[in-house]
Amino acid sequence: MTNEQLELGACAGCGIKLQTDSADKLGYIPQSALEREPLICQRCFRIKNYNEAASVAIDQDDFLRLLGGIAATDSLVVHIVDLFDFEGSLISGLQRFVGNNPVLLVVNKVDLLPKGINMNRLLNWVQRQAKAQGLRTVDIVLCSAKRSIGFERVVEALAEHRGDRDVYVVGATNVGKSTLINRIIRDYSDLERELTTSRYPGTTLDAVHIPLDDGHDIIDTPGIVYNHRLTEVVPRGVLQALLPDKPIKQVVYQLNEQQTLFIGSLARFDFAQGPRQSFTLYTSNALPIHRTKLERADQLFADHRGEMLAPPTREQLEEIPAWTRHRLTIKRGSDMDVVISGLGWIRINDTSGAILDVYAPKGIRVMLREALI
């Protein structure tokens with residue numbers, strides 16, 4: 001392949017423009033790899049084969065420009081969200097960007113919920129949350145791209161709502177966009193290539209066009225990086241523990257007021273005031289929980305952060321912003337979750353009310369919502 005041909009080419013894995021000049025710039029492909037099919041940049045090659053990625057920051061404005069361009073097209077917009085971080089991965093104001101185009105909401109990673117969850121109830125919950133966020137959807141599908149749960153329904157919904165149109169796939173980083181599209185490519189297209197998938201934020205760097213049999217395209221857009229999610233601010237070495245890859249084993253704690261739970265050194269939950277009650281934690285099984293008395297909590301953290309209270313390690317903690325305190329009041333009779341974006345959530349099992357203090361790295365979204373389970 002000549003350099004002129006190469007200049008026109010995009011990486012089949014992430015969509016970035018390919019180049020052979022600078023190994024330290026995006027889109028680099030060594031001359032020796034030009035005979036390979038499909039053509040992928042060195043970064044995608046390293047993610048695929050060695051599970052490592054160069055750190056790449058994509059400009060937020062570029063994302064919004066790309067999103068804003070969708071309004072001028074006649075397309076079906078597929079918005080993929082991560083059920084494990086529903087609020088954190090929902091694109092706020094999506095309706096504004098996509099104009100009158102229909103939105104199909106695909107809720108991925110349902111396989112992470114504990115077994116025995118009522119799917120109809122879950123669907124109703126998602127409908128209420130989407131409506132509250134001002135999102136108008138033509139359909140909502142619950143699925144797991146990784147475990148192939150509900151995948152046929154995703155394909156049916158695509159066929160049902162697409163008509164004679166292109167399909168834009170949008171979502172935040174780490175919601176499973178590329179995994180889902182790879183399933184569609186594998187099952188419904190004769191293409192040989194796959195998109196690059198990894199645990200690292202921002203794997204898809206530019207819009208990737210995948211031709212469909214009828215002359216239209218599926219367009220995979222880059223994942224939007226939301227810094228209010230813990231998954232975006234922790235060092236790479238912590239992501240493995242933070243992102244669950246199998247069903248969460250919920251852990252229940254009976255707490256008296258003035259008791260504290262540490263989730264590694266990533267967050268702290270203080271039951272400041274209220275009658276004795278139980279709280280259920282829905283976080284990755286790889287994160288240890290440590291209980292102590294509130295009066296001892298500061299000293300325990302000072303002495304044991306990054307060691308007994310880990311992950312992250314002491315060295316990794318230096319890369320994460322210091323904690324901010326969030327005071328939350330749970331009204332009597334309410335049925336609530338405390339959400340720490342990217343980490344999971346804590347279900348308040350009692351309806352007698354409580355005052356809670358939640359500590360999380362500065363900038364991470366901490367909020368109350370109607371209980372999911």
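Author: In this predicted model, the second largest cavity has a lining of ten nonpolar, no polar and no charged residues.

Reader: Which residues line the second largest cavity, and about how much space lies in it?

Author: About 40 Å³ of space lies in that second largest cavity, and its lining consists of Val78, Ile80, Val154, Leu158, Val167, Val169, Leu180, Ile181, Ile184 and Ile218.

Reader: Which element gives the most to that lining?

Author: Helix α8 gives the most to the lining of the second largest cavity, with three residues, while β1, α7, β4 and α8 (177-188) each supply at least two.

Reader: And the largest cavity, what is its volume and how do its lining residues divide by class?

Author: The largest cavity has a volume of about 50 Å³, and its lining holds six nonpolar, two polar and no charged residues. The residues around the largest cavity are Phe63, Leu66, Leu67, Val170, Gly171, Thr221, Pro222 and Ile224, with α3 (60-69) and β4 as the elements that give two or more of them.

Reader: Switching to strands, in what order do the six strands of the open sheet come?

Author: The order is β3-β2-β1-β4-β6-β5, and the pairing in this open sheet is mixed. Strands β3 (139-142) and β5 (208-211) are at the edges, each pairing on one side only, and the twist from one strand to the next averages 20 degrees.

Reader: Which strand pairs with β3, and in what sense?

Author: Strand β2 (residues 103-108) pairs with β3 in the parallel sense over four bridges, and within that pairing Val107 has Leu142 as its bridge partner in β3. Helix α6 (residues 119-132) packs on the sheet there, touching β2 and β3, with its direction at about 135 degrees to that of β3.

Reader: What about β14, how many of its residues are buried?

Author: Five of the five residues in β14 (residues 344-348) are buried, so the strand is mostly covered. Gly344, Ile346 and Ile348 point one way from β14, whereas Trp345 and Arg347 point the other way.

Reader: Which strands pair with β14?

Author: Strand β10 (residues 277-283) pairs with β14 in the antiparallel sense over five bridges, with Phe279 partnered by Ile348. Strand β13 (residues 336-340) also pairs with β14 in the antiparallel sense, over four bridges, and there Val338 stands opposite Ile346. Between β13 and β14, which form a hairpin, there are three residues, and Gly342 in the turn has a positive phi of about 95 degrees.

How values were computed:
Residues are numbered from 1 along each chain as its sequence is written. This is a predicted model: local features need pLDDT of at least 70, side-chain atom pairs count only at pLDDT 80 or more; totals for chains, interfaces and linings use all residues. Side-chain values use heavy atoms; hydrogens and water are left out. Buried means under 20% relative accessible area, exposed over 50%, partly exposed in between (1.4 Å probe, protein chains only). Two strands pair if DSSP finds at least two bridges between them. Axes are lines fitted to C-alpha atoms, for helices over the stretch in contact, and angles run from 0 to 180 degrees between N-to-C directions. Contact means heavy atoms within 4.5 Å. On a 1 Å grid over the protein atoms alone, a cavity is a set of points where a 1.4 Å probe fits but cannot get out, and a pocket is an open set with protein on both sides within 12 Å along at least five of seven lines; lining residues have an atom within 4 Å of a point. Grid points are joined across faces, edges and corners, and a volume is the space filled by probe spheres set on the points. Ala, Val, Leu, Ile, Met, Phe, Trp, Tyr, Cys and Pro count as nonpolar, Asp, Glu, Lys and Arg as charged, and the others, Gly among them, as polar.
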